[in-house]
Amino acid sequence: MAKTKELSKDTRKSIVDLHQTGKSESTIGKQLGVKKSTVGAIIRKWKTYKTTDNLPRSGAPRKISSRGVKMIMRTVSKDPRTTRGDLVNDLQRAGTKVTKVTISNTLQRQGIKSRSARRVPLLKPVHVPARLKFAREHMDDTAEDWENVMWSDETKVELFGINSTRRVRRKKNTELHPKNTIPTVKHGGGNIMLWGCFSAKETGRLIRVKDRMNGAMYREILSQNLLPSVRTLKMKRGWVFQHDNDPKHTARATKEWLRKKHLKVPEWPSQSPDLNPIENLWRELKVRVARRQPQNITALEKICMEEWAKIPATVCANLVKTYSKRLTSVI
């Protein structure tokens, strides 16, 4: 049976207008060239709903029952890494056959979307209070305070790109829930090690660490690269030097060297790379390097140096400008 053509809004309005003047349904139908039954249906809709617009239709019934939806939500809540295929199989065992698309639509109606799992530090109970103490103590620090910090760290860069992401199913604003993150430890593997520093103004020096670093080598790096970077970036008087709690950084000889150079060093909580904005700069560097696809170690080192120098000063400034958000996330 052929589908009838839908009446225009103007025609439906005319039917109501003529009805209000007292004309009969048959008279209106003849005048407008519309079936009497159609005229009657339009008038009844107008009387009931005060509109002649199309009303929402129920459509096909949901393939997944409310009980099935609850089962899906329990499974995803328990393990956010559950795949659509897993959920399809679970429902099939329960007697309901659906596709992956149906699963996606059902999850989205419940506010659940597939998102990349956030990488966060692997924390032990002893780390939590120290991180919380640091965040609370510095929540009131001004933007100018953070602009006067020289951030530093080491990282390893892989020859063939950066690690892939993993996806989890979660609701909005739950990216830092432990079930929705991927625990990490420092230096997950790579081909060359780099040391670098930066401030809110721009990047400082970047060097390759070719040998196994010890305390003496670290102090030499600071002497030959940190202090010249401070002069180049024209850090203000009373600037602060940030580095983490690596044993080379906290060795007695290193602490003595820092004291003699009159460098201010904050008490840094362990396992807190997320509090150091240079981690974002490392990510920026690795993405840039991966795009250029170096094929050997020599090329990798050369490209790292080139791309580090190309990172815009605005990137550095924005990382420091939003530092208070990092403290809020920790809390």
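Predicted model: local features only at pLDDT ≥ 70, side-chain atom pairs only at ≥ 80, totals over all residues.
Reader: How do you know that the structure holds zero disulfides?

Author: A disulfide is counted when two cysteine sulfur atoms are within 2.5 Å. The sulfur of Cys 197 has its closest cysteine sulfur in Cys 316, 10 Å away, and is therefore too far for a bond. Seen from Cys 316, the closest cysteine sulfur is the one in Cys 197, again at 10 Å and too far for a bond. The count for the structure is accordingly zero disulfides.

Reader: What makes Cys 197 and Cys 316 count as buried or exposed?

Author: The label buried is given under 20% relative accessible area. Cys 197 has 0% relative accessibility, so Cys 197 counts as buried, and Cys 316, also with a value of 0%, is buried too.

Reader: Why is Arg 131 called buried, and what does Arg 131 touch?

Author: Arg 131, which lies in helix H7 (residues 127-138), has a relative accessible area of 7%, and because the limit for buried is under 20%, Arg 131 is placed in that class. When residues up to four places away in sequence are left out, the contacts of Arg 131 include Pro 121, Leu 123, Pro 269, Gln 271, Asp 274 and Val 330.

Reader: Where does Lys 234 lie, and is Lys 234 buried or exposed?

Author: Lys 234 lies in the loop between helix H9 (215-232) and strand S8. The label exposed is used over 50%, and Lys 234, at 64% relative accessibility, therefore counts as exposed. Lys 234 also has a positive phi, of about 55 degrees, although it is not a glycine.

Reader: How do you know which strands are the edge strands of the sheet?

Author: The sheet is an open one of four strands in the order S7-S6-S3-S8, and its pairing is mixed. Strand S7 (203-209) and strand S8 (240-242) each pair on one side only, and these are the edge strands. From one strand to the next, the twist averages 15 degrees.

Reader: What makes strand S3 and strand S6 a pair?

Author: Two strands pair if there are at least two bridges between them. Strand S3 (residues 149-157) and strand S6 (residues 192-198) have seven bridges and run in the antiparallel sense, so they meet the requirement of at least two. Within this sheet, Lys 156 stands opposite Met 193 in S6.

Reader: Which helix lies across S3, S6 and S7?

Author: That is helix H13 (residues 297-310), which runs at about 170 degrees to S7.

Reader: Which domains does the chain have, and where does UniProt place its feature?

Author: The domain assignment gives domain 1 (9-49), domain 2 (66-110) and domain 3 (126-330), and the centres of domain 1 and domain 3, taken over C-alpha atoms, are separated by 74 Å. The UniProt record, an unreviewed entry, places the feature "domain: Transposase Tc1-like" at residues 71-140. In the model, that span is 57% helix and 11% strand, and its end C-alpha atoms lie 45 Å apart.

Technical notes: Residues numbered from 1 in each chain as written. Heavy atoms only, no water. Buried < 20%, exposed > 50% of the residue type's maximum accessible area, 1.4 Å probe, protein only. Domains from an automatic or database assignment. UniProt positions renumbered as here; feature names shortened; annotations may be inferred. Helix = DSSP H or I, 4+ residues; strand = E, 2+ residues; numbered from the N terminus. Axes fitted to C-alpha atoms, helices over the stretch in contact; angles between N-to-C directions. Contact = heavy atoms within 4.5 Å.
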